Amino acid sequence: MIERRKEDADSRFLKEIEFVASLGAEFTESIELDETLRNTTLRVMEHLDAQAASVFLLNPQGTHLICRFCAGPIDVTGLSIPFGKGILSRAMIKNSLQTVLDVTSDEDFNQAVDVTTNFVTRSILCAPLAMKGKPFGAIEIINKTGPSPLFTTKEGRLLSALSSLAAFAIHHARMTEERLAQEALRQEIALAGQIQRSLLPKDPAPNFPLFGINVPAQEISGDFYSHLLLPDGRIAFSLGDVSGKGIRASMLMSKTISLFQCLCKTHLQPGRLLAAINDEVIETSSHGMFVTMIAGLYDPQDQLVVFANAGHLPPILRQADGVFVNFDADMPPLGILGGIEFADEFVSLQGGSLYLYSDGVTEAGGEQELGDAGLKTMINAFSSYPLALRLRRMVEQLKAGSQPLNDDITLLTIEAPAHTHLASLNYPADPACLKDMRHRVRQLVTDAGGSESITEAIVVALNEACMNVIQHGYQGDAEQEYELQVAYNKNRNVMVFELLDHAPRVDPARIKSRSLDDVRPGGLGVHFIGELMDEMAFCEPPPGYGNLLHMSVRLDKQTPLEMP
């Protein structure tokens, strides 16, 4: 008889071990929180012969216990119980199993749930769910339904053991959900950044009178700029900064730049354009968010800029004589007041340059912020550079510090191209004609004031560029022709060259320079051009042409190679 009882006890013990092991394996495989809670509740209730079971988790504020899953005749999922009162809270506060064989004799038992649901609670086993000794919830089973109406000490120990496994599984599922949520957020931020960048304009042709740069401090930016060539030849432009950071600011930025690109085609007065955008922003923007913004039109024919400013930093005009003029704004940002009018400001460039910028520019530099004076000093330092190169050099200097950017950097400059056209040189694709090209270019650069060393460097680089067209573009077909346009910008002491051909379109990504160590004839044209020129880019060619290679170089530049 004794042996039989021992065998039964051993059998029950093995079953308990098998149950704990199988439930632990299920917990290990489960990575979804709801699935983990469901498995925990159902299996524990079934194994301990309980009428009902539930899992309560503490809310992030630590004020209430919320029922996340339950099993039994009554569904109390979502039930909220103030933390600090009741048997669930007692199990967590004491961080120990609570066995209540008769709830009527326990002063912490809350009868309100039974009264509301018409369920009758008789007995409770409740174990805390804890990680590293810190409870974050509790699991309880209600009303023993087996042969014995009371929970036993052994069942209490089993629930304690299972609660430890369940706590680990729930914690693991939570961490997995958080990682997935973070990854989803990261992907959303990356997508928002891609959408933002797609809304920014592509770099225009080198002789375009406007150029802008946006450098986000993070994946997404609150700054924006835009420009659009209108049918009448004028250029609509804008630059702005959205308050705040993150996805909300990104969405408002995208909305504002989209509104500008749509409405600027019909609202040809900048003040009215800003008023229309303001009304739209007020209707849909989140409370407390606003946009500082400048919008305007530039007429290349008379170098006249008209713009309106909604609470943005004052544009800076650097006149042709080097004197600076600021244009302060006295109107509020967009998204604050509805039905307001924005005044138009008129500026004649007359050979000067108008700079628009975000506060990330003037606030760059860490403790020693650049400020208005520092920005003007930087503008003067790079004033001799071609427009696109000038802004790129300015941004490089703003980013040169050891500290990461605190804010987005956005720059936009408008200026009338001051290039004087010098010559249009047309040649057949015959290497024998390169001699005349070299002679003509040498004379043009010398007449513009180029030194002997810079002149010869330019001649060598252009000779290589033309030879590339003959050899690679036309494959030696001497019946073809190419064209070399030459211009000079006296204000900036810059020579500009545009090489046009009728060859198949070139993929710039596939053009690579050969190393100087690789000593053999040919193939160094890309090296000479890239080393010498301040700008070298394949641009959209005019109708009827295959390629347009734009090159420009300052005549006061030191030559990179010592020419013979």
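A: R554 counts as buried, at 11% relative accessibility, where buried means under 20% relative accessible area, exposed over 50% and partly exposed in between (1.4 Å probe, protein chains only). The model is predicted, so local features need pLDDT of at least 70 and side-chain atom pairs count only at pLDDT 80 or more, while totals for chains, interfaces and linings use all residues. Residues are numbered from 1 along each chain as its sequence is written, and side-chain values use heavy atoms, with hydrogens and water left out.

R554 forms a salt bridge (a side-chain nitrogen of Lys or Arg within 4 Å of a carboxyl oxygen of Asp or Glu) with D556, and their closest N and O atoms are 3.3 Å apart. D556 is partly exposed, at 45% relative accessibility. Through shared partners, salt bridges join D534, R554, D556 and K557 into one network.

A search of the whole structure finds 12 salt bridges. One of them pairs K144 with E155, with 2.1 Å between the closest N and O atoms. This pair links distant parts of the chain, 11 residues apart: K144 lies in strand β6 (residues 134-144) and E155 in helix α5 (residues 153-199). Helices (H or I, at least four residues) and strands (E, at least two) are DSSP runs, numbered from the N terminus. K144 is buried at 8% relative accessibility, and E155 is buried at 12%.

D232 and R234 form another salt bridge, their closest N and O atoms being 3.0 Å apart. Here D232 is partly exposed, with a relative accessible area of 47%, and R234 is partly exposed at 21% relative accessibility.
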